[in-house]
Amino acid sequence: MFDFSTVIDRHGTWCTQWDYVADRFGTADLLPFTISDMDFATAPCVLDAISQRLSHGVLGYSRWKNEEFLGAIQHWFSKRFHSSIDTDHIVYGPSVIYMVSQMIRQWSEVGDGVVVHTPAYDAFYKAIEGNERTIAAVPLHQTAEGWRCDMALLESVLAEPRNKILLLCSPHNPTGKVWTREELTTIASLCEKHGVKVISDEIHMDMTWNGHRHIPWCDVAKSDWALFTSGSKSFNIPALTGAYGLIGNETTRNGYLSALKGRDGLSSPSIPAVIAHIAAYEQGEAWLDALRDYLQANMRYIADELNAAFPELNWQPPQSTYLAWIDLRPLHVDDKLLQKILIEQQKVAIMPGYTYGEEGNGFVRLNAGCPRSKLEKGVQALINALHAAR
Ligand SMILES: Cc1ncc(COP(=O)(O)O)c(C=O)c1O
């Protein structure tokens with residue numbers, strides 16, 4: 001019903017992934033598997049809704065606090081996560097990272113610590129350090145059952161008085177870990193016990209695989225919390241610029257909204273983003289489910305090819321996200337040498353794991369949100385480069 005196989009040429013659209021690959025990798029004309037957006041057109045229902053709004057022609061200031069937008073979000077949480085949310089808790093923001101950054105400022109002082117599970121999405125480090133807060137890292141560790149958080153270690157870090165906020169990534173980029181209800185409940189209790197507030201970034205919430213279910217933070221929260229998310233990953237619309245969130249506590253919510261509207265002058269949302277979310281959440285399920293099938297097949301393809309070439313990797317698809325976090329340590333290749341070969345000989349851009357902190361050494365992150373024909377080239381290039389680097 002939906003076509004994810006046909007390649008759409010993104011060159012010349014000022015897109016970060018293709019047109020600006022040289023910014024990160026030093027060379028243009030690489031086949032990119034990098035920043036987390038996808039090479040697919042968004043859902044037809046989203047395109048129709050935006051086109052219809054554009055044909056009206058008048059694009060003046062607008063508001064996000066309308067019944068349709070709030071209702072669409074409530075509907076989505078109920079349908080996809082069996083979570084019943086209070087629409088009074090909903091807030092808008094231009095991007096998830098803007099919202100995260102703003103809450104860090106609201107809830108902590110310069111020099112305070114923000115707890116993150118590492119490896120971590122690189123923008124987390126930038127948001128924390130850019131606000132002159134410090135990173136309190138809690139490394140995740142890999143087990144046969146997947147990535148795990150040492151709760152005793154987490155508690156010892158949460159107990160340090162200067163650590164005021166836990167910035168949770170749920171599901172987790174880059175490992176793809178989906179937090180279980182039991183883990184989240186434990187984390188919520190620990191944060192309550194130590195007076196730590198929680199920012200939960202749930203932008204990857206729609207992309208969980210193989211029976212792993214996303215549990216929104218609002219369903220387990222105990223201490224002061226903010227949940228930030230967007231349809232931008234799932235429906236591939238980050239360039240429309242729009243996100244939203246839930247903040248349970250009224251004073252916290254008002255503080256967030258007054259900074260957004262007053263200090264930052266962002267009271268009028270991007271209307272295409274608002275329209276896109278309403279269309280996606282009311283009519284986009286069939287498209288998203290077809291996309292999810294395609295992405296899961298992509299992940300299985302990567303596992304089959306990599307493990308056939310290097311059985312010692314025994315790489316398993318992640319629990320969530322279209323980002324393949326690949327542990328190459330069994331092959332003992334040098335990260336810098338591998339990057340050099342990938343770029344200079346294989347002409348591909350694949351994120352080195354150290355982008356996400358030192359726990360990422362020995363890993364790569366390969367974005368599988370693309371047509372299979374492109375993915376085949378990337379996986380083959382990675383295999384070739386690994387052979388050459390050994
Ligand atoms: C965990 C996580 N949060 C936030 C973002 C970016 O969201 P936004 O563009 O809305 O700031 C990404 C994008 O890769 C992400 O992986």
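Me: Does arginine 80 count as buried or exposed, and at what relative accessibility?

Reply: This is a predicted model, in which local features need pLDDT of at least 70, side-chain atom pairs count only at pLDDT 80 or more, and totals for chains, interfaces and linings use all residues. Residues are numbered from 1 along each chain as its sequence is written, and side-chain values use heavy atoms, with hydrogens and water left out. Buried means under 20% relative accessible area, exposed over 50%, and partly exposed in between (1.4 Å probe, protein chains only). Arginine 80 counts as buried because its relative accessibility is 18%.

Me: Which side chain meets arginine 80 in a salt bridge?

Reply: Side chains of opposite charge can pair when their charged atoms come close. The term salt bridge requires a side-chain nitrogen of Lys or Arg within 4 Å of a carboxyl oxygen of Asp or Glu. Arginine 80 forms one with aspartate 289, at 2.8 Å from N to O. Arginine 80 belongs to helix H4 (residues 67-81) and aspartate 289 to helix H11 (residues 285-309), so the bridge ties together parts 209 residues apart in sequence. Helices here are DSSP runs (H or I, at least four residues) and strands likewise (E, at least two), numbered from the N terminus. Aspartate 289, at 32% relative accessibility, counts as partly exposed.

Me: How many salt bridges does the structure hold?

Reply: There are 16. One of them joins aspartate 37 to arginine 10 (2.9 Å, N to O). Aspartate 37 sits in the loop between strand S1 (31-33) and helix H3 (44-56), while arginine 10 is in the segment before helix H1 (16-19), 27 residues away. Both aspartate 37 and arginine 10 are buried. Another bridge pairs aspartate 327 with arginine 329 at 2.8 Å, N to O. Shared partners also join Lys79, Arg80, Glu285, Asp289 and Arg292 into one network of salt bridges.

Me: Which residues surround the ligand?

Reply: A residue is counted if one of its heavy atoms lies within 4 Å of the molecule. Among those around the ligand are Ser36, Tyr121, Cys169, Asn173, Asp201, His204 and Lys233. The shell divides into five nonpolar, four polar and two charged residues.

Me: What is the distance from the side chain of asparagine 173 to the ligand oxygen?

Reply: An N or O atom of the asparagine 173 side chain is 2.8 Å from an oxygen atom of the ligand. A polar side-chain atom of aspartate 201 is 2.5 Å from a ligand nitrogen, and one of lysine 233 is 3.3 Å from a ligand oxygen.

Terms used: Polar contact = N/O pair within 3.5 Å; in protein donor to acceptor, adjacent residues only side chain to side chain. Nonpolar A, V, L, I, M, F, W, Y, C, P; charged D, E, K, R; others polar.
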